[in-house]
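Please keep the viewer open as you read, and take the points in order.

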Amino acid sequence: MEGLLVCDGQTIVTVNDSFAALVGLAASELVGAQVRQFLPDEGTRLRLLDSPNRALEGDLLTRDGSRNPVELIMRQVDFAGKPHRAIAVRDLRARNSAEQHIRFLAHHDSLTGLPNRSSFNKRLDQEIELAMSSERKLAILCLDIDRFKEVNDLFGHAAGDKMLQSVAARIASTLDRDQMVARLSGDEFAIILSGLSNPAAAGRAAEIIMETLRAGSDRAAEADDASISSSIGIAVCPDDATDPHVLLTHADTALYRAKNEGRGIYRFFEASMGAAVRERRLLEHDLRQAIARQELRLVYQPLREIPSGNAVGFEALVRWRRQARGDVEPSEFIPIAEETGLILPIGEWVLREACRVAATWKQPLTVAVNVSPVQIHNANFAHLLHEILFQTGLPPHRLELEVTETALVRDLNRALETLRRIKMLGVRIAMDDFGTGYSSLSNLRAFPFDKIKIDRSFIKSVNVNGQAAAIVRSVLGLSRALGLPVLAEGVETAAELEFLERENCHQGQGFLLGRPADIETFNELIEGDAAAADRPVVIPANAKALALAAS
Ligand code: C2E
Ligand code: MG
Ligand code: MG
């Protein structure tokens with residue numbers, strides 16, 4: 001396979017077909033030609049003569065004038081009874097291009113062809129050094145495609161890959177030659193902008209990049225023309241940091257903030273973000289483990305009839321005792337659970353636990369469970385509910401789901417569909433925190449609610465606050481018209497309770513009527529003789545008695 005030529009001095013005597021092919025001439029045309037015509041570099045020729053039997057590299061000049069890298073070995077041979085030189089010539093182009101390819105792969109991402117993390121790091125080191133020795137600034141932009149996971153899940157990995165390639169090409173098209181975009185991992189890209197006179201220039205570059213990704217068609221079937229929403233975090237050297245690792249972390253922190261502030265935006269790093277973001281990440285991380293570590297538990301708060309004071313049921317409220325940190329309020333971790341999707345496993349745990357516990361009560365009291373919008377909009381929810389009721393053996397009419405209005409308006413038709421299926425199981429539905437959302441009459445009529453819970457902000461000082469009193473009265477009037485019972489949340493004082501009693505409010509819940517506590521605290525309410533099991537427990541508490549007890 002190697003090219004071979006035999007020479008007498010500098011004159012070629014004969015060649016094989018491989019050599020003729022390498023130089024692009026017929027073997028017959030080469031007889032009588034001079035070696036230097038094909039090995040034009042004198043140094044190479046001299047080294048070849050000086051070191052027989054040793055391989056060395058040189059250039060082979062071909063007929064069309066190109067120089068190709070070759071490996072050469074010369075040895076003395078006897079040819080036609082006279083000493084000659086035989087030279088073996090091996091084409092190195094294939095090997096070199098394989099080597100180059102390997103080098104390329106080591107420094108690039110094979111999917112998008114962009115530089116990879118290791119080249120990014122190397123370049124960043126150099127650029128920081130340059131920036132430090134000049135007056136100019138350097139910015140790192142971390143970019144992440146919004147909801148990229150959904151693209152992969154919905155359309156498959158091939159579509160995801162196409163989108164990444166398109167993003168890479170579109171970002172690159174906005175950059176000058178001396179700027180760099182690299183793919184660091186997954187859907188995470190990083191851009192180095194050097195030689196900036198001020199940080200604002202980085203903000204403008206971010207806007208252009210986001211706009212270029214957004215341009216394209218919303219309805220494009222092909223990823224290369226799709227409208228893509230992205231978020232960007234920016235850190236500036238030397239303003240934010242001069243250490244490459246710290247700078248990148250800062251840009252990433254700013255990206256995280258951009259994502260949390262609604263996506264589709266860019267944010268500059270601010271020193272105050274670091275601590276807050278670290279804290280939030282830690283919380284997310286711990287929350288992910290909370291179920292497995294058995295850190296969640298439920299407390300129960302009685303719901304009582306007014307004025308009898310009879311307990312009609314309990315609202316189950318989740319508590320999280322976070323490892324090494326102590327109790328975390330639901331108002332702090334539920335929103336995070338909703339954003340991250342963790343509310344699905346957590347909500348399922350709450351439902352199952354509340355139903356399991358309520359099924360053991362001797363008294364047939366109801367248990368009210370809060371469900372988040374994310375759960376309601378999950379296609380599987382009614383099915384899950386059915387399964388939990390079946391497994392725990394809780395009769396459906398003893399379960400009440402508390403839903404806020406905001407949960408419903410995001411997708412009215414879908415929510416309505418889910419609520420109807422829930423109702424068909426025999427489970428009841430209460431509208432929670434009424435008055436804080438849209439409080440629209442049409443929602444009340446459209447949805448199959450069984451109860452309205454007036455938010456505690458309207459109950460606070462309702463006895464002295466004329467405006468709050470007017471609102472509570474009108475909600476009560478509305479509920480009478482719709483035939484729905486009303487529960488007042490956050491009843492804290494005897495005076496508030498008396499007001500509610502005068503206005504014929506049906507039920508109340510609040511610190512005055514019982515604080516949320518472990519279920520054992522309410523043993524006397526849930527136990528009781530089996531014979532009494534099918535009628536509500538009467539406890540000797542009415543508004544006046546409770547008022548006395550509270551004072
Ligand atoms: P919510 O459903 O309106 O629950 C009532 C909240 O009011 C509870 O707060 C309860 O402790 C508090 N509360 C009761 N009586 C009084 C009172 O007299 N005065 C005052 N100031 N507050 C009173 P908590 O337990 O902190 O829960 C806050 C919110 O977190 C709940 O509001 C609910 O929206 C949500 N939440 C709680 N547990 C769960 C759950 O398991 N799943 C979901 N998705 N959300 C939950
Ligand atoms: Mg509630
Ligand atoms: Mg509420």
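1. Let's begin at the ligand, bearing in mind that this is a predicted model. A polar side-chain atom of N370 sits 2.9 Å from an oxygen atom of ligand 1. For R319, an N or O atom of the side chain is likewise found 2.9 Å from an oxygen atom of ligand 1. Taken alone, ligand 1 would expose 800 Å², and the protein buries 84% of that.

2. Who else is around the ligand? Ligand 1 is surrounded by 22 residues, and the closest are N370, D432, R456, E492 and F511.

3. At least two residues each come from β12 (311-322), α11 (330-340) and β16 (428-434). Which element gives the largest share of the shell around ligand 1? That is β12, with four residues.

4. Next, please turn to a pair of helices. Helix α6 covers residues 148-155 and helix α7 covers residues 157-174; their axes are 6 Å apart and the two pack at an angle of about 140 degrees. Because angles over 145 degrees count as roughly antiparallel and 65 to 115 as roughly perpendicular, α6 is oblique to α7.

5. On the α6 side you will see F148, V151, N152 and F155, and on the α7 side H157, A159, G160, M163 and L164. By class, the residues in the contact of α6 with α7 are six nonpolar and three polar, with no charged ones.

6. Finally, a stop at a loop. N53 lies between α3 (42-50) and β3 (56-61). Leaving aside residues up to four places away in sequence, N53 touches I73, M74 and R75. With one of these, R75, the contact includes a polar one: the side chains of N53 and R75 come to 3.3 Å of each other.

7. How far apart are N53 and A215 in space, C-alpha to C-alpha? The answer is 63 Å, for two residues that are 162 residues apart in sequence.

Notes
Residues numbered from 1 in each chain as written. Chains lettered and ligands numbered in written order. Predicted model: local features only at pLDDT ≥ 70, side-chain atom pairs only at ≥ 80, totals over all residues. Heavy atoms only, no water. Near = heavy atom within 4 Å. Polar contact = N/O pair within 3.5 Å; in protein donor to acceptor, adjacent residues only side chain to side chain. Areas by Shrake-Rupley, 256 points an atom, 1.4 Å probe, with all protein chains shown as cover. Axes fitted to C-alpha atoms, helices over the stretch in contact; angles between N-to-C directions. Parallel < 35°, antiparallel > 145°, perpendicular 65-115°, else oblique. Contact = heavy atoms within 4.5 Å. Nonpolar A, V, L, I, M, F, W, Y, C, P; charged D, E, K, R; others polar.
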